[in-house]
Amino acid sequence: MQATYRLHIRPKAGDGNAATSVAYCLANNVVGMGWGIGGQSRPLLPWQEYWQEAMEGHGRRSLASVQRLHAVRPGDFIWTRDTTGRYFLSCATGTWEYRDTEAGRRADILNVVSCTTHPVSLPDDVPGKVIASFRAGSTLQQIRSLTVAEYTRMLWSDLTGIPVVLGTRGTTQDLFALLDDEDAENLVFIYLQTKGWVVVPRSRSKDTMGYEYVLIRPRDGRRAVVQVKTGNTALQISDLGQPDCTAFFFQTSGIYLGDDLPATVRLSPTDIESFARANPLLMPGCIGRRIRHLQRLSLTARDETKVRT
């Protein structure tokens, strides 16, 4: 399977203007970064020659992202975004190059990989794990998530019209096998709001170790907290340490441990999936695309069955 990366374009040299750097990448069909070396302009410098000089000027630790860029191969995907928060998805068409040009120096884009790039028009078409990955400090990092990898390939197929062959997770009929933890949290988030609960946005923080977010029921002021687990990680039923609160639990595979307490509610994966499929207009783009993918799989399987019979 192709690797999936996140590239944060943040120039430190040249004009130091991220908008200029993004524009350079789009105009030249590349993604890239700085870490240039001194001296005269030398386009298409071989890797070993570049690496030796760059080590002297920058040091190995600073060049970690350049090493990752050197590992990118044709067919790998790279997520980027511009200064306005618009996201782009690129598919590499080449391997690492050192392109030392005047325009590249101004943009601080010298280490590059050729690619084809498409804008992602809607922000909710971007998976939560991709958005979260931009919080990390490194310029380039691989997103090691099978759900993100499969979704990225689905999205690329939709953006380009080029069919892709998905892996095991992509051929499953189980919606939750295609969702990561943040997508599952968002789905429960929307479901509970349709049931009369209002989510407190500030409560949705990774600092809240026992639960994902806090809700309020407007008709009586009742509070609630939510815990969500994905995959095969069992979910322990408890009061979550929140007295006088309803506690909602959702485990995408229905794996729960412990007995229900007076103020605990187990959410059924069947009910949540039925809700998602019945309310496509309420679904974030990244969840809706997965549902449409499963619908296409179902139609394909039905057609193949007709042919065999």
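Predicted model: local features only at pLDDT ≥ 70, side-chain atom pairs only at ≥ 80, totals over all residues.
Residues are numbered from 1 along each chain as its sequence is written, and side-chain values use heavy atoms, with hydrogens and water left out.

Me: How many helices and strands does the chain have?
Reply: Helices (H or I, at least four residues) and strands (E, at least two) are DSSP runs, numbered from the N terminus. The C-alpha trace of the chain spans about 75 × 60 × 30 Å along its principal axes. Within that trace, the chain has ten helices and 13 strands.

Me: What percentage of the 309 residues in the chain is buried?
Reply: A residue is called buried under 20% relative accessible area, exposed over 50%, and partly exposed in between, with a 1.4 Å probe and protein chains only. By that rule, the buried part of the 309 residues in the chain is 46%.

Me: What percentage of the contacts with a separation of 6 or more joins residues 24 or more positions apart?
Reply: A contact means heavy atoms within 4.5 Å. Among the contacts in the chain with a separation of 6 or more, the part made by residues 24 or more positions apart is 55%.

Me: How are H2 and H3 oriented to each other, roughly parallel or roughly antiparallel?
Reply: Axes are lines fitted to C-alpha atoms, for helices over the stretch in contact, and angles run from 0 to 180 degrees between N-to-C directions. Helix H2 (residues 47–58) and helix H3 (residues 64–71) have axes 12 Å apart and pack at an angle of about 170°. Angles under 35 degrees count as roughly parallel, over 145 as roughly antiparallel, 65 to 115 as roughly perpendicular and the rest as oblique. H2 and H3 are therefore roughly antiparallel.

Me: Which residues of H3 meet Trp47, Tyr50 and Trp51 in H2?
Reply: Ala, Val, Leu, Ile, Met, Phe, Trp, Tyr, Cys and Pro count as nonpolar, Asp, Glu, Lys and Arg as charged, and the others, Gly among them, as polar. On the H3 side, the residues that meet Trp47, Tyr50 and Trp51 are Val66, Gln67 and His70. Sorted by class, the contact of H2 with H3 has four nonpolar, two polar and no charged residues.
In short, the H3 residues are Val66, Gln67 and His70.

Me: Why does the span of helix H8 agree with its number of residues?
Reply: The expected span of a helix is 1.5 Å times one less than its number of residues. Helix H8 (residues 181–194) has 14 residues, and therefore should span 20 Å.

Me: How many of the 14 residues of H8 are buried?
Reply: Helix H8 is mostly covered. Its buried residues include Glu182, Asp183 and Glu185, as well as Leu187 and Phe189. Of the 14 residues in H8, the number buried is ten.

Me: Which residues of H9 make the contact with H8?
Reply: The axes of H8 and helix H9 (residues 269–278) come within 11 Å and cross at roughly 85°, so the two helices are roughly perpendicular to each other. From H8, the contact is made by Leu187, Ile190, Tyr191 and Thr194, and from H9 by Ile272, Phe275 and Ala276.

Me: Which backbone oxygen does the side chain of Thr152 reach?
Reply: Thr152 is found in helix H6 (residues 146–160), and counts as buried because its relative accessibility is 0%. Leaving aside neighbours within four places in sequence, Thr152 is in contact with Thr4, Phe77, Trp79 and Leu89. A polar contact is a pair of N or O atoms within 3.5 Å; within protein, one must be able to donate a hydrogen and the other to accept it, and residues adjacent in sequence count only if both atoms are side-chain atoms. At 2.7 Å, the side chain of Thr152 reaches the backbone oxygen of Val148.

Me: Where does Asp108 lie?
Reply: Asp108 is a residue other than glycine with a positive phi, near 55°. Asp108 is buried, because its relative accessible area is 10%. Its place is the loop between helix H4 (102–107) and strand S5 (111–120).
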